[in-house]
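Trainee: Could you take me through one part of this structure in close detail? I would like to start with whatever surrounds the ligand.

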Amino acid sequence: MTHRKKIVTPAIAARVEELLAKMTLEEKIGQLNQVGPTPVGGVDLELAEWKRMLDAGKITREEYDKAVAGIQMDAQEEDVRAGRIGSFLVLKGAEKCNRMQRIAVEESRLGIPLLLGLDVVHGLRTIFPIPLAEACSWDEAVFENSAAIAAREAVATGLNWTFAPMVDIARDARWGRIAEGAGEDPLLTSRFAAAKVRGFQGPDLSAPDRIAACAKHFAAYGAAIGGRDYNSADISLQTLHEVYLPPFEAASDAGAATFMGAFNDINGVPCTTNPYLYKNVLRDGWGFDGMVVSDASAVAEVVAHGTAADRADAAAQSLAAGMDMDMGCRCYIENLAAKLEEGAVTLQQIDDAVRHVLGVKFALGLFEHPYVDPTLADRLYLCDEHRAAARDAARRSMVLLKNNGLLPLKKDAKLLVVGGLAAERGEMLGTWAGMGRRDDTACLLDGLNACGIDYEYLPCCPVDNETHTIGNFDPAGLAEALEKADAVIAALGETKNMSGEASSLCDIGLAGGQDALVAALKAGGKPFAAVLFNGRPLAIPHVDEAADAVLEAWHLGTEAGYAICDVLFGDYAPSGRLTTTFPHHTGECPRYYNHVSTGRPAGAIRHSCKYMDAPIQPLYPFGHGLSYTAFAYRDLTVWEENGTVTATVTVCNTGSIAAEETVQLYVHDKVASRARPVRELKAFAKVWLEAGEAKTVTLTFAADKLGFYDIAMNYVVEPGDFDIWVGHDSTAELHTVLTLA
Ligand code: BGC
């Protein structure tokens with residue numbers, strides 16, 4: 001049984017058929033063609049020149065995008081008029097989008113509007129925390145609201161489609177794209193996925209302030225071997241279905257209008273040409289009625305995978321597998337007609353793909369309102385409501401990893417601030433920052449200035465604005481400055497370019513001279529708080545050891561500096577919880593909490609499953625995060641009735657300030673026919689507790705969530721005993737046993 005919220009109503013299906021019946025073959029294939037900033041016709045050289053300037057840092061990404069779109073405009077206008085383009089990526093600006101849309105609607109034979117897509121991942125102009133950060137809020141209302149705001153701003157720039165949410169499970173911190181998803185846990189990422197789809201699409205996708213979501217990258221992109229981007233995933237079908245697919249199913253159930261295929265192969269089959277994914281799982285299994293787009297140039301890349309002879313073969317295989325739209329490499333438009341003639345694809349396959357594309361266009365209401373109001377952007381971008389929401393999300397995304405009492409800092413303390421990242425507005429935006437701008441953004445120093453803090457600033461490890469690298473340690477002036485300061489804030493971590501696409505690392509320690517800076521601070525003897533700016537877990541045991549407090553601030557977006565100061569000075573008690581495990585060393589990757597039980601669990605004895613030169617426990621476990629207060633748990637009761645497991649627990653705020661706790665429930669199947677994870681998150685709840693207050697919290701989940709795929713790939717729920725832990729993080733100790741009859 002599927003639970004999908006459908007987007008294609010019977011009325012839409014009828015309109016699709018009526019339109020399809022009027023289309024020529026060329027118009028049909030045109031609908032499957034998405035064009036973007038890839039060279040078209042005779043403009044290759046000019047584009048290459050702009051790219052060179054971008055790479056040399058002579059122009060900004062925004063200037064580049066503008067130029068590229070401009071160059072292609074003329075070449076592409078004719079194609080739109082002729083019905084040879086169904087969609088654009090990276091067309092930005094209401095005027096430009098309206099112009100192209102007008103050609104499609106008013107000058108093409110059938111007047112079919114365009115899908116205009118962009119990676120609006122964590123905001124368009126008002127930038128929210130990167131997804132990995134926002135996930136740490138464990139707050140579905142935050143996930144949904146930031147997506148709704150991003151949708152509104154995206155509409156204002158003429159878009160009707162975002163290539164988000166990315167819902168890839170990431171277990172390996174070397175993989176740079178870990179920044180773009182919600183972390184390593186299937187349940188949390190599923191909640192994130194569904195909330196994002198609701199946020200982008202709203203209750204009614206055709207409302208003019210909503211855009212189509214795109215669950216990506218289908219599938220197992222995060223399982224890249226070695227954490228190297230674009231690498232193969234070699235995983236069992238059970239792992240695929242138990243770990244990597246659930247967030248996609250959640251996105252589909254929530255009604256995601258589109259899915260994007262992943263670049264990687266799974267067990268040797270490129271996702272772009274994998275019928276199991278699109279037919280068996282997505283359409284037959286989950287009842288998906290939307291459209292599937294390839295990743296950028298991924299159809300052509302099937303040739304590089306070595307499973308297609310040439311681009312034409314790649315196009316035929318992709319279409320036959322269920323890949324509806326070709327992103328950016330023109331393989332479909334150039335080859336499908338010939339492939340049809342050859343009999344390598346069928347008209348039915350082409351028609352089905354076109355149906356899926358048109359279905360999304362009708363569901364979006366594009367035939368009714370193809371254009372956007374060009375005055376919207378001025379009113380919406382960075383408006384007070386959007387900035388306030390971004391600040392709130394940023395506060396909730398931070399995770400206090402360590403605190404020996406230094407935080408919160410007093411506002412009248414004399415502070416020394418070190419680390420180049422403290423002064424870098426642009427770096428706060430993180431990867432895939434839409435149309436976010438450096439100058440709209442608050443860095444840590446902006447936050448301190450707004451609070452009227454007395455501080456001295458020394459970059460010590462400056463950030464190079466052109467290369468986005470972190471420089472060597474320069475100790476000039478540090479000893480004197482330390483002398484004068486009551487306490488130090490050290491801004492450490494990564495620039496925005498160190499995570500995201502094609503940003504895999506084989507060393508997830510601190511870059512540049514930051515280790516030397518940490519050593520100098522330790523030697524200096526002044527209390528110091530490390531504030532981390534990064535898009536992945538870092539291996540930083542030395543920072544944990546040297547610093548009095550460690551605040552994980554990630555890349556928090558437009559309001560970063562203000563939100564960080566809210567936490568540093570105690571106006572907001574940190575409430576974020578990690579959604580990825582922090583290892584001590586890069587060599588532990590992939591490191592994740594929900595690994596299956598081995599025959600020799602890591603322990604004191606040598607011949608157990610561990611490294612000789614690393615601690616058994618991670619540096620910071622999944623779910624970890626401190627507050628300015630403390631919480632105690634007692635009275636755990638769990639039972640199953642009518643297919644629902646219910647747990648009740650008493651949570652008490654034992655400290656002296658009010659704060660929010662995230663109550664987490666973990667499960668382990670004690671005896672099963674396949675080895676099961678040592679712990680798996682099955683439920684969580686947020687609870688606000690005044691100082692000294694105790695509350696009974698109830699957590700529920702469906703008993704069939706205790707199941708798994710057996711060796712023959714049947715989903716089974718095996719009766720027996722299950723360990724249940726409830727508490728503050730994945731090391732929670734309050735335990736009971738649930739017996740499932
Ligand atoms: C990325 C996708 C993205 C697409 C379009 C690709 O390189 O993998 O996540 O949506 O580009 O920008």
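**The ligand and its surroundings**

Mentor: Start with D295. In this predicted model, a polar side-chain atom of D295 sits 2.7 Å from an oxygen atom of the ligand. H217 also places a polar side-chain atom 2.7 Å from a ligand oxygen atom. Then look at D119. One of its polar side-chain atoms lies 2.4 Å from an oxygen atom of the ligand. How much of the ligand does the protein cover? On its own, the ligand has 310 Å² of accessible area, and the protein covers 91% of it.

Now widen the view to the whole shell. The ligand is surrounded by 13 residues. The closest are D119, R177, K216, H217 and D295. Sort the shell by class and you get seven nonpolar residues, one polar and five charged.

The next residue is F218, and strand β5 covers residues 214-218. The peptide bond from F218 to A219 is cis. Its omega is near 10°. A219 itself is in the loop that runs between β5 and α9, and α9 spans residues 237-244.

There is another cis peptide bond to find. It joins A164 to P165, with omega near 5°. P165 belongs to the loop between β4 (161-162) and α8 (186-201).

Next, turn to a pair of helices. Helix α7 covers residues 140-156, and helix α17 covers residues 384-397. Their axes come within 10 Å and cross at roughly 145°. The crossing of α7 past α17 is left-handed. Which residues meet there? From α7 come V142, N145, I149, R152 and E153. From α17 come E385, H386, A389, A393 and R396. By class, this contact has four nonpolar, two polar and four charged residues.

Look also at the loop that leads from α16 (376-380) to α17, where you will find L382. Check its backbone. Phi of L382 is near 55°, which is a positive value in a residue other than glycine.

Finish with E106. This residue lies in helix α5, residues 94-107. Its side chain makes a polar contact with the side chain of Y371, at 2.5 Å. Now compare E106 with R81. In sequence they are 25 residues apart. In space, their C-alpha atoms are 8.7 Å apart.

Then follow the chain to the cis bond between F218 and A219. From there, find α7 and α17 and view their left-handed crossing. End at the side chains of E106 and Y371, in polar contact.

Terms used: Residues numbered from 1 in each chain as written. Predicted model: local features only at pLDDT ≥ 70, side-chain atom pairs only at ≥ 80, totals over all residues. Heavy atoms only, no water. Axes fitted to C-alpha atoms, helices over the stretch in contact; angles between N-to-C directions. Helix = DSSP H or I, 4+ residues; strand = E, 2+ residues; numbered from the N terminus. Left-handed = near helix turned anticlockwise from the far one by under 90°. Contact = heavy atoms within 4.5 Å. Nonpolar A, V, L, I, M, F, W, Y, C, P; charged D, E, K, R; others polar. Near = heavy atom within 4 Å. Polar contact = N/O pair within 3.5 Å; in protein donor to acceptor, adjacent residues only side chain to side chain. Areas by Shrake-Rupley, 256 points an atom, 1.4 Å probe, with all protein chains shown as cover.
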